[in-house]
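Hi everyone, thanks for coming. Let me put today's model up on the screen, and then we'll walk through it together.

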Amino acid sequence: MDRQGRINKAWGLKKEGNFAKALELYKALRDELVDEAGKHARQIPGTRIDEGDTRKIMPSLFTEVEKYLRKDNVLCTILNNMGVIYAENGDKESARRCFEDSVKFTPEGEDYPSPKIGLKNLE
């Protein structure tokens, strides 16, 4: 099943009330994206420097990871959906972190009000 299919499956599980399975699937998708972003960033010259037995991680690695994760709305959607589940289950702190991260990883110039609404509803 492709990524979008797994996102849809997770949302379906949430709608069925199977919050634990939905969160498990969303977390796996999030982790997969972060791993993918790290692999991508490590391929970019200058993001790490090998000096003998020492590897230096340069600040540009983190910048490249963030840019990769903001290239489309996949991560921000996953994080928002996780926030919705946490909020519906009363875990306001986890919901807040997810909504804040969703805002952070929303692509530049994209109008995605859902995590902002989620944060406002937590107040």
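This is a predicted model: local features need pLDDT of at least 70, side-chain atom pairs count only at pLDDT 80 or more; totals for chains, interfaces and linings use all residues.

Residues are numbered from 1 along each chain as its sequence is written, and side-chain values use heavy atoms, with hydrogens and water left out.

Back to the strands, which are DSSP E runs of at least two residues, while helices are H or I runs of at least four, both numbered from the N terminus. β1 (residues 48–51) and β2 (residues 54–57) run antiparallel, joined by four bridges; DSSP must find at least two bridges for strands to pair. Two residues sit between the strands of this hairpin, and glycine 52 has a positive phi near 65°.

Now the core. A nonpolar core is a set of buried Ala, Val, Leu, Ile, Met, Phe, Trp, Tyr and Cys residues joined through side-chain atoms within 4.5 Å, with buried meaning under 20% relative accessible area (1.4 Å probe, protein chains only). The largest one here has 28 residues, and Tyr26, Leu69, Ile78 and Met82 have the most contacts inside it. Helix α2 gives the most to this core, with eight residues.

Let's finish on leucine 69. Leaving aside residues up to four places away in sequence, leucine 69 touches Leu33, Val34, Ala37, Leu75 and Phe105, where contact means heavy atoms within 4.5 Å.

Technical notes:
Buried means under 20% relative accessible area, exposed over 50%, partly exposed in between (1.4 Å probe, protein chains only).
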